[in-house]
Amino acid sequence: MRQAGRYLPEFRETRAAQDFFSTCRSPEACCELTLQPLRRFPLDAAIIFSDILVVPQALGMEVTMVPGKGPSFPEPLREDRDLERLRDPAAVASELGYVFQAITLTRQQLAGRVPLIGFAGAPWTLMTYMVEGGSSSTMAQAKRWLYQRPQASHQLLRILTDALVPYLVGQVAAGAQIIFAKDGHFALEELAQAGYEVVGLDWTVAPEKARERVGKTVTLQGNLDPCALYASEEEIGRLVQQMLNDFGPQRYIANLGHGLYPDMDPEHVGAFVDAVHRYSRLLRQN
């Protein structure tokens, strides 16, 4: 999860050449950043380098990446009439052709070594950025919309849904293979029946309960709390062993339950990967 991140020095070196969203629009750069973690760690899957906010951009909103602050919308949505500024959601998939090109190029470069994960932000997540103007711990402005502008809120969420469905379908057509829905624990049964071979879990879901709900034919992926990588390497090993025991050896892919953070030590990422391989071998022998 979020393999190609600021915790890798080679990532920072590559990213220094151009601004963030210009990098996102370059299939070659996205491919390179996606492959970097696989050169450093013996990982079993790759996740395409992109950003969830390319969708609001494709809808016509300006988004910039401000150093030290993160994504910023100079003109966020403030009134109902602001929705008129948004482009037709049916055109979003064609606007985001560069993401599909990056996925296809990366699949070609991977040459079957490991599968490739795609992703997109959910409608509510994107709405919060578009209304708040950036990240928010409270999402107060977006929640204000829900109560004060319910009709406009439904309209915005519908626009985003209509944009995201063909975008995700396009990612699959371009070569993405795995689905992950953060906070999707309420819909595990539906996800398991959606046609994907693998369903990723965040760290809020108990492995044994997830297995009960999705059945034995779907492969589960997850789900260590990423903050566990702040622990000692010895503790990381213990947590990994417990996670693998909880999931069992069948139809399971070990992973974090969400993305890595910028200040995480690459050595601890390596300790996580090594522990997964070490305890997986022991688990299969028993």
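Leu 83 is buried, with a relative accessible area of 5% (buried means under 20%, exposed over 50% and partly exposed in between, using a 1.4 Å probe and protein chains only). Leu 83 sits in the loop between β3 (70–72) and α5 (92–95); helices here are DSSP runs of H or I with at least four residues, strands are runs of E with at least two, and both are numbered from the N terminus. Before going on, note that this is a predicted model, in which local features need pLDDT of at least 70 and side-chain atom pairs count only at pLDDT 80 or more, while totals for chains, interfaces and linings use all residues. Residues are numbered from 1 along each chain as its sequence is written, and side-chain values use heavy atoms, with hydrogens and water left out.

So what does Leu 83 touch, not counting residues up to four places away in sequence? Its partners are Leu 77, Trp 145, Ala 152, Gln 155 and Leu 156, where contact means heavy atoms within 4.5 Å. Arg 39 is another story: 44 residues separate Leu 83 and Arg 39 along the chain, and their C-alpha atoms are 44 Å apart.

Gly 121 is another loop residue, found between β4 (116–117) and α7. At 6% relative accessibility, Gly 121 counts as buried. Setting aside neighbours within four places in sequence, Gly 121 has contacts with Ile 52, Leu 126 and Leu 164. Gly 121 and Leu 53 are 68 residues apart in sequence, yet 7.6 Å apart in space, C-alpha to C-alpha.

Now for the nonpolar cores. In soluble globular proteins, nonpolar side chains tend to be buried together. A nonpolar core here is a set of buried Ala, Val, Leu, Ile, Met, Phe, Trp, Tyr and Cys residues joined through side-chain atoms within 4.5 Å. The largest one has 84 residues, and those with the most contacts inside it are Val 55, Leu 96, Met 130, Leu 156, Val 240 and Phe 272. Helix α9 supplies the largest share of this core, eight residues. Leaving out residues up to four places away in sequence, Leu 96 touches Val 54, Val 55, Ala 58 and Tyr 167. There is also a second, separate core of five residues, including Ala 45, Ile 47, Ile 117 and Val 198.

Two helix pairs are worth a look. Axes are lines fitted to C-alpha atoms, for helices over the stretch in contact, and angles run from 0 to 180 degrees between N-to-C directions. Angles under 35 degrees count as roughly parallel, over 145 as roughly antiparallel, 65 to 115 as roughly perpendicular and the rest as oblique.

| Helix pair | Angle | Axis separation |
|---|---|---|
| α6 (residues 97–110) and α9 (residues 150–174) | about 25° | 8 Å |
| α7 and α8 | about 105° | 8 Å |

With that angle, α6 and α9 are roughly parallel to each other. Val 99, Phe 100, Ile 103 and Thr 104 of α6 meet Tyr 167, Gly 170, Gln 171 and Ala 174 of α9. By class, that contact has five nonpolar, three polar and no charged residues (Ala, Val, Leu, Ile, Met, Phe, Trp, Tyr, Cys and Pro count as nonpolar, Asp, Glu, Lys and Arg as charged, and the others, Gly among them, as polar).

Helices α7 and α8, on the other hand, are roughly perpendicular to each other. From α7, Trp 124, Met 127, Thr 128, Val 131 and Glu 132 meet Ala 140, Gln 141, Ala 142, Lys 143, Trp 145 and Leu 146 in α8. That contact brings together seven nonpolar, two polar and two charged residues.

The loop between α7 (123–132) and α8 (140–148) holds Met 139. Met 139 isn't a glycine, but has a positive phi of about 55°. At 24% relative accessibility, Met 139 counts as partly exposed. Asp 183 also has a positive phi, near 60°, in a residue other than glycine. Asp 183 is found in the loop between β5 (179–180) and α10 (188–192), and is partly exposed at 39% relative accessibility.

Thr 219 is buried, with a relative accessible area of 13%. Apart from neighbours within four places in sequence, Thr 219 is in contact with Glu 197, Val 198, Val 199, Arg 251, Tyr 252 and Ile 253.
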